[in-house]
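Grab a pencil and open the viewer.

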Amino acid sequence: MIVIADSGSSKTDWLFLNPEKEFIISTHGINPFFQQTEEIFASLSGTFTNDQKEEVSEVHFYGAGCIKGKTDHVVSDALKRVFSKATISVEDDILGAARALLGRSSGIACILGTGTNSCLYNGSEITDKVPTLGFILGDEGSGAYLGKLLMNDYFKRAVPEDLKQKMESELHLEMADVLNSVYRESSPSRYLAKFSVFLNQNRNHIYVQNLIKRSFTDFFFRNIERYNNYQNYTVNFVGSIAYHYSDLLKEVAFNRKIEIGNIIDKPINGLKKFHTNL
């Protein structure tokens, strides 16, 4: 049995498949920047049955923060203990996105979810990558970035009055609580990204549309337009933010003369095709 895992900041999807059956199990996100091997192992040890663990011969794990030769071992060491009979491959999430979106074709692959990432892919490997820098220094276009923009506007009195009143009644925001969640709690990017739900519920408001387009403009300018000859490639996306706001994403891209390719919600089906058609 083969396992293909796609892990973001919020959630990990584990696809188990063999010629007779396939199924997906979802767990919390795994990120070696914020978790150690023991913590990852502890969170997974009771998730899968003994039969599932015994049947697995290969694990292909794609995750945020999995840098080759630096942090990937944090995850692989935990997976070796969970799936003791399997060969383990750990790659970063952007290579997973490129394989899912482009297969063996060249192009620019992007992640727009809780966080962001992008790369130039030649059909077999990543040839260039603009650093994302995380939600504090970068992650333009992400759910966390949208939440950051919204909180900044709200507390600095830049949100229109009608939407401000709605935020007050539905979100009950207190500055001390927001600052504590961002600067002291363990998952600040996940916390900020939750505000994208409120934005989606009010996506017809002109302020919300402009905020989302501002976020996408920042993403294209600071990431995609940094690649040499980016105009010669399609720009492809995976992730909830790209998927749910695809109309605004395409509008911003059109205005910046950027050609959009595929936009998908999750990479798991594309990765399944990649790994079963080698």
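**Exercise 1. Decide whether Arg157 is buried or exposed, then say what stands out about its backbone.**

Step 1: Arg157 has a relative accessibility of 78%, so it counts as exposed. The cut-offs are under 20% relative accessible area for buried, over 50% for exposed and partly exposed in between, using a 1.4 Å probe and protein chains only.

Step 2: Before going on, a word on what you're looking at: this is a predicted model, where local features need pLDDT of at least 70, side-chain atom pairs count only at pLDDT 80 or more, and totals for chains, interfaces and linings use all residues. Residues are numbered from 1 along each chain as its sequence is written, and side-chain values use heavy atoms, with hydrogens and water left out.

Step 3: Now find Arg157 in the loop between α6 and α7. Helices here are DSSP runs of H or I with at least four residues, strands are runs of E with at least two, and both are numbered from the N terminus.

Step 4: Check the backbone. Arg157 has a phi near 65 degrees, which is positive even though the residue isn't glycine. Most residues other than glycine have a negative phi.

**Exercise 2. Find where His172 lies and give its phi.**

Step 1: Look in the loop between α7 and α8 (175-183), and you'll find His172.

Step 2: The phi of His172 is positive, about 50 degrees, and His172 is not a glycine.

Step 3: With a relative accessible area of 56%, His172 is exposed.

**Exercise 3. Work out how α6 and α7 are oriented to each other.**

Step 1: Two packed helices are described by the angle between their axes and the distance between the axes. Axes are lines fitted to C-alpha atoms, for helices over the stretch in contact, and angles run from 0 to 180 degrees between N-to-C directions.

Step 2: The axes of α6 and α7 (residues 161-171) come within 11 Å and cross at roughly 105 degrees.

Step 3: That's why α6 and α7 are roughly perpendicular to each other. The scale goes like this: under 35 degrees is roughly parallel, over 145 roughly antiparallel, 65 to 115 roughly perpendicular, and the rest oblique.

Step 4: Leu150, Met151 and Tyr154 of α6 meet Lys164, Met167 and Glu168 of α7; contact means heavy atoms within 4.5 Å.

Step 5: Sorted by class, the contact of α6 with α7 has four nonpolar, no polar and two charged residues. Ala, Val, Leu, Ile, Met, Phe, Trp, Tyr, Cys and Pro count as nonpolar, Asp, Glu, Lys and Arg as charged, and the others, Gly among them, as polar.

**Exercise 4. Which residues of α14 are buried, and what do they pack against?**

Step 1: In α14 (residues 268-276), the buried ones are Ile268, Gly270, Leu271, Phe274 and His275.

Step 2: These residues cover an arc of only 155 degrees around the axis, so they sit on the same side of α14. The arc is that of the directions from the helix axis to the C-beta atoms.

Step 3: The packing partners of the buried α14 residues are β1 (2-7), β2 (11-17), β3 (22-28), β4 (58-63), α4 (93-102) and β7 (116-121).

Step 4: Zoom in on one partner: α4 and α14 pack at about 80 degrees, with their axes 7 Å apart. That makes α4 roughly perpendicular to α14.
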